[in-house]
Amino acid sequence: MTESNLNLFHQHACHLRLCKPALYGVSCALTVLLFQCTATAAIADELFGLGGMVQSQNVEKNDSSYSWQLEYREQLNEHFTASLSYLNEGHIPAHHRDGHALQLWMNTDVIERRLSLSAGIGPYYYFDTTVPSTSSTTYTNEHGFGAAFSLAAILRTETPWLFQLRANWIQTFGRMNTVSALVGVGYQLDKPSQTKPSDDRPNVWIKTCDNEITLFVGRTITNSFDSERSTALSIEYRRRLLKYLDWTLSWLHEGDNRLIRRDGMASQLWVVKDFVNDRISLGLGTGAYLAIDQQTNHYQDSDRVISAISTLTGSYHLTPRWSLRASWNRIVTNYDRDTDVIVGGVGYRF
């Protein structure tokens, strides 16, 4: 079954490579690099939520807005850390932009190792709702690469709670550049000194929970200036292929919000990691979304049928059988109908 699942994903990936080579490349790069980070012997795993302000660095005018960020950090050794983050750059006039950054950090500890100072750099893949160059539409969804440069100071406490002060410089090579300042709170998911669970529990967990069926309900938000909304429904089958690798096949109904009325099937590969004695799981997925949008009447246009999908997910395992899961899906199209589909649901593991 595992081999057929992988073949199905590769078939979707071939279509995706033809219609969205840039997104396919960055998604695979993020997935592979994050997998390499999580597969190493980790010193600590940290999850941060930050908020603050962002300012554009345009020549004509500097505009400001709010900004917020979610970040997962994996300490590779004493002086190097890898991070994967989602950065929302707010609503700067004519730009509603966000994106994903994968960064490598150099860090040093001071004040008896309670304060960590670090500098990071890495690629930034952005999604920008902006004003089109023509007057045929009211907005357009632009996608592209940039670079993220960051400075951070992290204060560690006697508890798992952490505090971070952060500055980001985003360079997008001909598009809008920004600088942001944020402050936030983090949590250390697993400490290196944490005792491992007994050998019998992981074996039972793996044998009984390689598969999961989850029913979701949530909200679809169109990436336009008006952010049209509709009710979203989904059902997902998840299969654990390897310790850090999952595969999913899901049906997604995005609802009808005037701009879209879209349904389809999505196939994704995931980098996943479990924490807190396997009670909490975090993951990043990327793949292909085969869908029909009845509002745009593009049934004969294959380029508009296959889109990219990237998803952040987290689950809490109530028991070895039952779990609660939340997922944030980003649908990336080439006809200006990008959406965020944020859903939560109950899963059964078997």
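Me: What makes β10 and strand β11 (residues 245–256) a pair?

Reply: Nine bridges join β10 to β11, and the two run antiparallel. Two strands pair if DSSP finds at least two bridges between them, so nine bridges meet that rule. Strands here are DSSP runs of E with at least two residues, numbered from the N terminus. Keep in mind that this is a predicted model, where local features need pLDDT of at least 70, side-chain atom pairs count only at pLDDT 80 or more, and totals for chains, interfaces and linings use all residues. Residues are numbered from 1 along each chain as its sequence is written, and side-chain values use heavy atoms, with hydrogens and water left out.

Me: Why is Arg238 called buried?

Reply: Arg238 has a relative accessible area of 3%. Buried means under 20%, exposed over 50% and partly exposed in between, with a 1.4 Å probe and protein chains only, so Arg238 counts as buried. You will find Arg238 in strand β10 (residues 229–242).

Me: Which residues are in contact with Arg238, leaving aside its neighbours within four places in sequence?

Reply: Among them are Asp210, Glu212, Trp247, Trp270 and Arg325. Contact means heavy atoms within 4.5 Å.

Me: Which barrel does β10 belong to?

Reply: β10 belongs to a closed barrel of eight strands, β9-β10-β11-β12-β13-β14-β15-β16, with antiparallel pairing. Another eight strands close into a barrel in the order β1-β2-β3-β4-β5-β6-β7-β8, with antiparallel pairing.

Key. Helices (H or I, at least four residues) and strands (E, at least two) are DSSP runs, numbered from the N terminus.
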